[in-house]
Amino acid sequence: MRILVTGGAGFIGSHFVKRMLRSGHDVVVLDKLTYSGNRANLPADVELQHGDIAQPDDVARAAAGCEAIVNFAAETHVDRSILSAEDFGRTEFRGTQVLLEHLRATGIRLVQVSTDEVYGDLEAGGSSTETDALHPSSPYSAAKSAGDLLVPAYARTFDVNASITRGSNTYGPNQYPEKFIPLFATNALDGEPLPLYGDGRQIRDWLFVEDHCAGIELVLHEGGPGAIYNVGGGDEHENIDVAGRIIELAGADRSLLRRVPDRPGHDRRYSLDTSKLQSLGWSPKKSFEDGLRETVEWYRDNRTWWEPIKSGEYREYYERQYAARLADSTAV
Ligand code: NAD
Ligand code: DAU
């Protein structure tokens, strides 16, 4: 199969590209190479086209000869969507629509990679199922929801062959160090403060990147048109406990952990019911304990990957996001 992986130079997309190559598929990547897109995440011989999923010509050129598209392309960081939401709407909604229009014209298949954040938070307990209503809390999750809504609508109206996956919080090597686990791991390794939002009792359902990619691969081959599949790790932990474990694994001092003002609109808890995907034969293989240890070790051993990132644009973002918060911080 020849597969177009959009957003394939990012964190999860690049792991998916390598997985597809191992499975014997032919892969082409279309990526806008935003701040989180990185050529170094991909094997040197992978075909990478620099372009935008919201541009029909870029999509048509990259998808020529492909039987399927797997769409990872997105603006992905909740905190950035709070600072400025402009690009989120364009890529998540307009970009998804361009891909679906391409399906209408060609009849090829699409897997739309989405997120558990579209369901909103579940403080009271229980788990989100695929038929639950969408209650996004942030500009990021609202933009992802808007893209998601197009998929069953195009499947019903135009009979396009598209499925959605909704993954939980994903972690592993090559994740841009703005996200919680790689930010805390790299700051701990550098002896920098770890900014814990609010009371730190928020819960996320952690999923190792390879397990996420295995779920998406299964949906690519077995998913029904218009169907939605949750992909969750079933490994729920409070942020404060994850932070404590990262500090231990990095051999850092617990005094680095700083309580900072909370994220506006912060969701308290996510949890996914994954029985639908499990009935197709998928289950997560990596425990959070093993995955987190391997991930912190990867950041310790791969400074050449992340040290160049933590300068320039990243430094400006970091100052804007954390300088005032850290000035206001207290001990945990
Ligand atoms: P990432 O930020 O590491 O990668 C996103 C990639 O998309 C980058 O390479 C970027 O250059 C590219 N991109 C952005 N806008 C584009 C555009 N208009 N056209 C083409 N390429 C564009 O993100 P990630 O964590 O790998 O997330 C990938 C997908 O998985 C996203 O759709 C995200 O919503 C979803 N997801 C992520 C998680 C998670 O915890 N990281 C969990 C569930 C779902
Ligand atoms: O749930 C899936 C989603 O997971 C994906 O759709 C998103 O693309 C991905 O970014 C992630 O969203 P979160 O907002 O849950 O992830 P983040 O890594 O930003 O934060 C995880 C938790 O850690 C969250 O409760 C906020 C907290 N946090 C985060 C940062 C960056 C802190 O306490 N301090 C921080 O500095």
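I began at the end of helix H8, where Gly251 follows the helix and has a positive phi, near 70°. Before going on I noted that this is a predicted model, in which local features need pLDDT of at least 70 and side-chain atom pairs count only at pLDDT 80 or more, while totals for chains, interfaces and linings use all residues. I also noted that residues are numbered from 1 along each chain as its sequence is written, that chains are lettered from A and ligands numbered from 1 in the order in which they are written, and that side-chain values use heavy atoms, with hydrogens and water left out.

**Entry on H8**

I took helices (H or I, at least four residues) and strands (E, at least two) as DSSP runs, numbered from the N terminus. H8 covers residues 239-250, and its 12 residues should span 16 Å at 1.5 Å a residue, which agrees with the 16 Å between its end C-alpha atoms; the expected span is 1.5 Å times one less than the number of residues.

I then looked up burial, where buried means under 20% relative accessible area, exposed over 50%, and partly exposed in between (1.4 Å probe, protein chains only). In H8, 9 of the 12 residues are buried, so the helix is largely enclosed by the rest of the structure. Among the buried residues I listed Ile240, Val242, Ile246 and Leu249. The buried residues of H8 pack (contact means heavy atoms within 4.5 Å) against several elements, including helix H6 (180-190), strand S12 (236-238) and helix H10 (288-301).

**Entry on Asn169**

I found Asn169 in the loop between strand S6 (161-167) and strand S7 (170-171). Asn169 has a relative accessible area of 19% and is therefore buried. Not counting residues up to four places away in sequence, Asn169 touches Asp116, Arg204, Asp205, Trp206, Leu207 and Tyr270.

**Entry on ligand 1**

I counted a residue as near a molecule or strand if one of its heavy atoms lies within 4 Å of it. Ligand 1 is surrounded by 30 residues, and the closest are Asp31, Ser36, Thr76, Tyr140 and Lys144. I next looked at oxygen atoms of ligand 1: one lies 2.8 Å from a backbone N or O atom of Ile12, and one lies 2.7 Å from a polar side-chain atom of Tyr140. Taken alone, ligand 1 exposes 840 Å², of which the protein buries 97%, with areas from the Shrake-Rupley method and a 1.4 Å probe; for residues, only the protein chains shown count as cover. Strand S5 gives the largest share of the shell, 3 residues.

Note on methods: Polar contact = N/O pair within 3.5 Å; in protein donor to acceptor, adjacent residues only side chain to side chain.
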